[in-house]
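Please consider the model shown here, with attention to its ligand surroundings and its helix packing.

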Amino acid sequence: MKRLLLTGAAGGLGSAMRGRLKGLAEIVRVSDIVDLGNPASHEEVMVCDLGDRPSVDRLVEGCDAIIHLGGISLEDKFSKIMNANLLGLYNLYEAARANGMPRILFASSNHTIGFYRQDEYLDHEAPMKPDGLYGVSKCFGEALARMYYEKFGQETALVRIGSCMEKPKNHRMLSTWMSYDDFLSMIECIFRAPRLGCPVIWGCSNNDTRWWDNSHVSYLGWHPKDNAERFRAEIDAAVARPAPDDAVAIYQGGPFVNDPIFAES
Ligand code: NAI
Ligand code: 15L
């Protein structure tokens, strides 16, 4: 492809994936609301607030594909979530509609279903059970993407990322972890598939104790290779196991289920 847009490129996941996308497109347009440093030879840099419609129109213009990681990634005040994750997503989809409907990977989250228990195994049809306003914003994003698919044919991968980081940090992440390599191979499958549609894809590696079933997207040919189990001894040694009656050990959303509704100030 000619030009791939990566939003949220200054974030934890965006900066980890930024350098790995080189082979996917001739030009990678990297964007964030904060400074991104100097572009590599295959990159274009555009600073943009997702809540600003004219900027988002310019951002999306000329792109053949979008990896949308930008936005608020934790529980926060509703006003902050609203600008980046609600208004920002609407702006992105309207800009995509005006610019040839490039295929989108939307970074949704396991916090759309955080109130399921850790002893439940979910498929993509499980009703949403968000664990906070952040999770609700990802439910909104999935619904918005679905509407643009049904109404206009805009294709989106709704990737419910578990915990995508260098390695799992606690016992819960032995189930939710997705390695960077597995995320990259998922990205390749999503953008190379002849037909994508608008599927939910669970974003976790091939962990022994995973909670989610991806068999409905076998047509994408994604085969995650990593397994968090290899970190179990390290985590047992370094991290205290939560008490069995602690919500962190009960619910799939882990600590997010305990977050308050943050007051506006
Ligand atoms: P992050 O918080 O490190 O990065 C998000 C980036 O979005 C930041 O660089 C921030 O500056 C940018 N941003 C925030 N508001 C913005 C706005 N109004 N306009 C433009 N950019 C804005 O989060 P992380 O961990 O890199 O996650 C990336 C995406 O993946 C997020 O959408 C997050 O919800 C989602 N996700 C990540 C998971 C993970 O394990 N890293 C798990 C589940 C979902
Ligand atoms: C998320 O949605 C967050 O963006 C990320 O920071 C992690 O905490 C992840 O979920 C998780 O549940 O581990």
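This is a predicted model: local features need pLDDT of at least 70, side-chain atom pairs count only at pLDDT 80 or more; totals for chains, interfaces and linings use all residues.

Residues are numbered from 1 along each chain as its sequence is written, and chains are lettered from A and ligands numbered from 1 in the order in which they are written.

**Confidence**
- The protein chain has a mean pLDDT (the predictor's confidence in each residue, from 0 to 100) of 98, and 100% of its residues reach 70 or more.
- For the complex, the predictor reports an ipTM of 0.99 and a pTM of 0.99.

**Annotated domain**
- An unreviewed UniProt entry lists residues 5–162 as "domain: NAD-dependent epimerase/dehydratase"; such annotations may be inferred rather than shown by experiment, and the positions follow the numbering used here, with feature names shortened.
- This span is 35% helix and 20% strand, and its end C-alpha atoms lie 22 Å apart. Helices (H or I, at least four residues) and strands (E, at least two) are DSSP runs, numbered from the N terminus.

**Ligand 1**
- Of the 27 residues around ligand 1 (C-beta atom, placed from the backbone, within 6 Å), those that come nearest are Gly 11, Leu 13, Ser 73, Ala 107 and Ile 161.
- Two or more residues of this shell come from each of α1 (12–18), α3, β5 (103–109) and β7 (163–164).
- The shell around ligand 1 comprises 13 nonpolar, twelve polar and two charged residues. Ala, Val, Leu, Ile, Met, Phe, Trp, Tyr, Cys and Pro count as nonpolar, Asp, Glu, Lys and Arg as charged, and the others, Gly among them, as polar.

**Ligand 2**
- Ser 73, Leu 74, Ser 109, Asn 110, His 111, Ser 163, Thr 176 and Gly 254 surround ligand 2.
- Seven residues of the ligand 2 shell are polar, one is nonpolar and none is charged.

**Helix packing**
- The axes (lines fitted to C-alpha atoms over the stretch in contact, with angles from 0 to 180 degrees between N-to-C directions) of α3 (residues 78–98) and α4 (residues 133–152) come within 10 Å and cross at roughly 15 degrees.
- α3 and α4 are therefore roughly parallel to each other, the class for angles under 35 degrees; over 145 counts as roughly antiparallel, 65 to 115 as roughly perpendicular and the rest as oblique.
- Helix α2 (residues 53–60) packs against α3 at about 45 degrees, with the axes 9 Å apart, so α2 is oblique to α3.
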